[in-house]
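Biologist: I would like to learn how to read a sheet and a ligand site in a model. Please start with the sheet.

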Amino acid sequence: MSKDLNQKIYVAGHRGMVGSAIVRNLQAQGFGNIVTRTHAQLDLTNQAAVQSFFEVEKPDQVYLAAAKVGGIHANNTFPAEFIYQNLMMEANVIHQAFANGVKRLLFLGSSCIYPKLAPQPMSEAALLTGTLEPRNEPYAIAKIAGIKLCESYNRQYGDSHGIDYRSVMPTNLYGPGDNYHPENSHVIPALIRRFHEAKVNNAPEVVIWGTGTPRREFLYVDDMAAASVFVMDLDKTIYDQHTQPMQSHINVGFGSDVTIAELAKTVAAAVGYQGEIIFDPSKPDGAPRKWMDSFRLNQLGWNAKVNLAAGLATAYEDFLRVN
Ligand SMILES: NC(=O)c1ccc[n+]([C@@H]2O[C@H](COP(=O)([O-])OP(=O)(O)OC[C@H]3O[C@@H](n4cnc5c(N)ncnc54)[C@H](OP(=O)(O)O)[C@@H]3O)[C@@H](O)[C@H]2O)c1
């Protein structure tokens, strides 16, 4: 099926890591009518502002990649901000999309929607089967609400208004546009910074917390953007065959995971750090394994393309550009 490249597509959060990758992907495909607003131009927690934006712009499609995001520490310190801002953004954007005739919308969630002790790999069916990780529960609840908003609008208005709102749940992402903050960043950007600084300072060793044995899954952000566009554009009959009205979200993972020790070695190689990597087993490890079951997405015909070594090489170039 040929794509209508003139469709007006609103990418919310276009300056974020995921939103900017979605814009790159759409532009590369030739979509020329992409609408964006910075946070300063449009605060998505402001109901009246979101309403007037949608009334004026009337987009055909919406990618909802704007969110208040942060690590476990930030989530645990500012739980009210995380739940309030995310609920407001989702409710405002999804409702105004509906009210202004948007037929397709893609909501981006996160793997933290799954119970803390969900069986591994975490399948879509694990949603709402157990207790969440308490330290980011407010954020996870807001993300679950986003999925349920999409499903509820579909169930009530799907047939009458021809709307089709979908959700994707990414695993850990990395790549251009990542946050390299020294204290408040995810594991890959934190390791890139540490190995880079160790290389520049000729440090003989880098010490990493924990045993190095926990396993984690990582997906390059341009793969995530490609998966997002793929899911958005799936034919409705096919999407419906692979999902259920009240379990409609789709996991997006790389498909396999690595140990933290393997990750550290691969980051060191990408950065060109040749010193020793030491693990400090007196520090906490976290969950032994966290990876997504991407069977549903793979069945639909999508697989990740960028392997860790290649993705990390590009991520390091990005780090050097911004630091
Ligand atoms: N990064 C990951 O590893 C990862 C993994 C799984 C899922 N995800 C999901 O992917 C989505 C995007 O994440 P990301 O990593 O791209 O985050 P990000 O880089 O922090 O980008 C989020 C964007 O949302 C904007 N935003 C926040 N609050 C806003 C508001 N009130 N009004 C308007 N814009 C607002 C931000 O603008 P300002 O910066 O100007 O506030 C920023 O451009 C999130 O839903 C996240 O849960 C990310």
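Modeller: Two strands pair if DSSP finds at least two bridges between them. Strands (E, at least two residues) and helices (H or I, at least four) are DSSP runs, numbered from the N terminus. This is a predicted model, in which local features need pLDDT of at least 70 and side-chain atom pairs count only at pLDDT 80 or more, while totals for chains, interfaces and linings use all residues. Residues are numbered from 1 along each chain as its sequence is written, and side-chain values use heavy atoms, with hydrogens and water left out.

Biologist: In what order do the three strands of the open sheet lie?

Modeller: Strands of a sheet pair through backbone hydrogen bonds, either parallel or antiparallel. Here the order is 11-8-13, with mixed pairing. Strand 11 (258-259) and strand 13 (289-290) are at the edges with a single partner strand each, so one side of each has no neighbour in the sheet. Strand 8 (residues 215-216) runs parallel to strand 13, joined by two bridges. Arg289 in strand 13 is opposite Arg215.

Biologist: Which residue has a polar side-chain atom 2.3 Å from an oxygen atom of the ligand?

Modeller: A polar contact here is a pair of N or O atoms within 3.5 Å. The residue is Tyr139. The ligand alone exposes 890 Å², of which the protein buries 81% (Shrake-Rupley method, 1.4 Å probe). Helix 1 (17-29) and helix 5 (137-161) are the elements that give two or more residues to the shell around the ligand. A backbone N or O atom of Met17 is 2.9 Å from a ligand oxygen atom.

Key. Polar contact = N/O pair within 3.5 Å; in protein donor to acceptor, adjacent residues only side chain to side chain.
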